Structure formats: C-alpha cells, structure tokens
Amino acid sequence: MVKKYPIERSEAEWRKQLSEEQYRVLREKGTEAPHSGKYNLHFQNGEYHCAACHTKLFESDQKFESNCGWPSFDNAIEGAIEYVQDRSFGMIRTEILCANCGSHLGHVFDDGPTETGQRYCVNSASIEFETKSK
Ligand SMILES: [Zn+2]
C-alpha cells in the first residue's frame, strides 16, 4: 500500500532534481549530521518551504533555538505536515513528512520549551528558506 500524494515523482526524477544530500534525507529518510545544516542557526524573517516540492511548511516565527543541532520549530503551517509513527531504531517517534509530496523532513517531539510544547526537529536539507514576498 503506497500512499498517494498531490505531487508524485519517480525516484529517478527526484534524484535528478535534488542534490545528493537532499535526496538522501528527503527520499531515503536520512538524517544530516547535527550542527551541520545551513539552517540550524539561521534566524532571518521569512518562510521555509519543502526542498522537494516547494510547499510552505514553516514560518520563521515558529523557529526557535533548541540547541539540538537541527533547525527546530514549535509549530507548522496548518495541513502542511503528515505525521507517521516511526518505530525504527528501537524507539517510538513521530516522523514528519511533507503532506504534499511525502518527502521526509525529520521528527516531532513533545518536549518543546514554548507554549505549543512541540519541537519539530527538521533537517536543513529538507527545507529551503525564502524571505517573505509581502
Ligand atoms: Zn514536499
């Protein structure tokens, strides 16, 4: 059973479109090394889009410094994220995917320090930053 997404591409097409690191993270559910990503300590005003299909996923005011080594958000754009239980590596975690193309973003944890209590731990390779157009 393969779930259908609004944006569907073959793995060969994704491989052509994405960088090697983006492909490894987004399509093979990889994780970038902590403190290595370009958005880890990035705090400009704007929005973060899915690096695969360009859907808007997060706003910069949802981003906070978590010191965990990956870009962290305390909330996401409504409806932009799919949540899947992940039982790999002997842990029960909640994987987060782009709801539009099914690409892997990271995991969400309920130990966030802000009002929402959520910590969306996202790979820099999975997202692209843009300054707000308006
Ligand atoms: Zn996407």
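Predicted model: local features only at pLDDT ≥ 70, side-chain atom pairs only at ≥ 80, totals over all residues.
**Entry 1: zinc site**

I looked up the donors of the zinc ion first. They are the SG atoms of Cys50, Cys53, Cys98 and Cys101, lying 2.3 Å from the ion. I then checked the geometry: the angles among the four donor atoms run from 103 to 113°, and the site is tetrahedral. For reference, I noted that the ideal angle for four tetrahedral donors is 109.5 degrees.

The spacing of the donor residues in sequence is C-x2-C-x44-C-x2-C. I placed two of them in the fold: Cys53 is in the loop between β1 (47-50) and β2 (56-59), while Cys98 belongs to strand β6 (residues 93-98), so this pair ties together parts that are 45 residues apart in sequence. I also looked up burial. Cys53 and Cys98 are both buried, and Cys101 counts as buried at 3% relative accessibility.

**Entry 2: other cysteines**

I looked at Cys121 in particular. The cysteine sulfur closest to its own is in Cys68, at 3.8 Å, which is too far for a bond because a disulfide needs the two sulfur atoms within 2.5 Å. Cys121 has a relative accessible area of 11% and is therefore buried.

**Entry 3: the sheet**

I traced an open sheet of six strands with antiparallel pairing, in the order β3-β4-β8-β7-β6-β5. Its edge strands, β3 (63-64) and β5 (81-86), each pair on one side only.

I went through some of the pairings. Strand β4 (residues 72-73) and strand β8 (residues 119-122) run antiparallel and are joined by two bridges. Here Ser72 stands opposite Cys121 of β8, the cysteine whose sulfur I had checked against Cys68.

β5 and β6 pair in the antiparallel sense over six bridges, and Asp86 has Arg93 in β6 as its bridge partner. The two strands form a hairpin with six residues between them, and Phe89 in the turn has a positive phi of about 60°.

On from β6, four bridges join it to strand β7 (residues 104-109), again antiparallel. Ile96 stands opposite Gly106 in β7. This hairpin has five residues between the strands, and Gly102 takes a positive phi near 75°. I noted that β6 is mostly covered, with five of its six residues buried.

**Entry 4: aromatic rings**

I counted six aromatic pairs in the structure. The ring centres of Tyr48 and Phe73 are 5.2 Å apart and their planes are at 75°, so I logged the pair as edge-to-face. Tyr48 is in strand β1 and Phe73 in strand β4, so the pair ties together parts that are 25 residues apart in sequence. Tyr48 counts as buried at 0% relative accessibility, and Phe73 is buried with a relative accessible area of 0%.

Phe58 and Tyr120 form another edge-to-face pair, 5.8 Å centre to centre with 70° between the planes. This pair links distant parts of the chain, with Phe58 in strand β2 and Tyr120 in strand β8, 62 residues apart. Both residues, Phe58 and Tyr120, are buried.

Which residues do the ring pairs link into a cluster? I listed Tyr39, Tyr48, Phe58, Phe73, Tyr83, Tyr120 and Phe129.

**Entry 5: a charge over a ring**

Last, I looked up Lys63. Its charged end sits over the ring of Phe43, 4.2 Å from the ring centre.

How values were computed:
Residues numbered from 1 in each chain as written. Heavy atoms only, no water. Donors = N, O, S within 2.8 Å, 3.2 Å for Na, K, Ca; no water. Tetrahedral: all angles 85-135°; square planar, octahedral: opposite > 155°, others 65-115°. Buried < 20%, exposed > 50% of the residue type's maximum accessible area, 1.4 Å probe, protein only. Pairing = 2+ DSSP bridges. Phe/Tyr/Trp six-rings, centres within 6.5 Å; stacked < 30°, edge-to-face > 60°. Lys NZ or Arg CZ within 6 Å of the ring centre and 35° of its normal.
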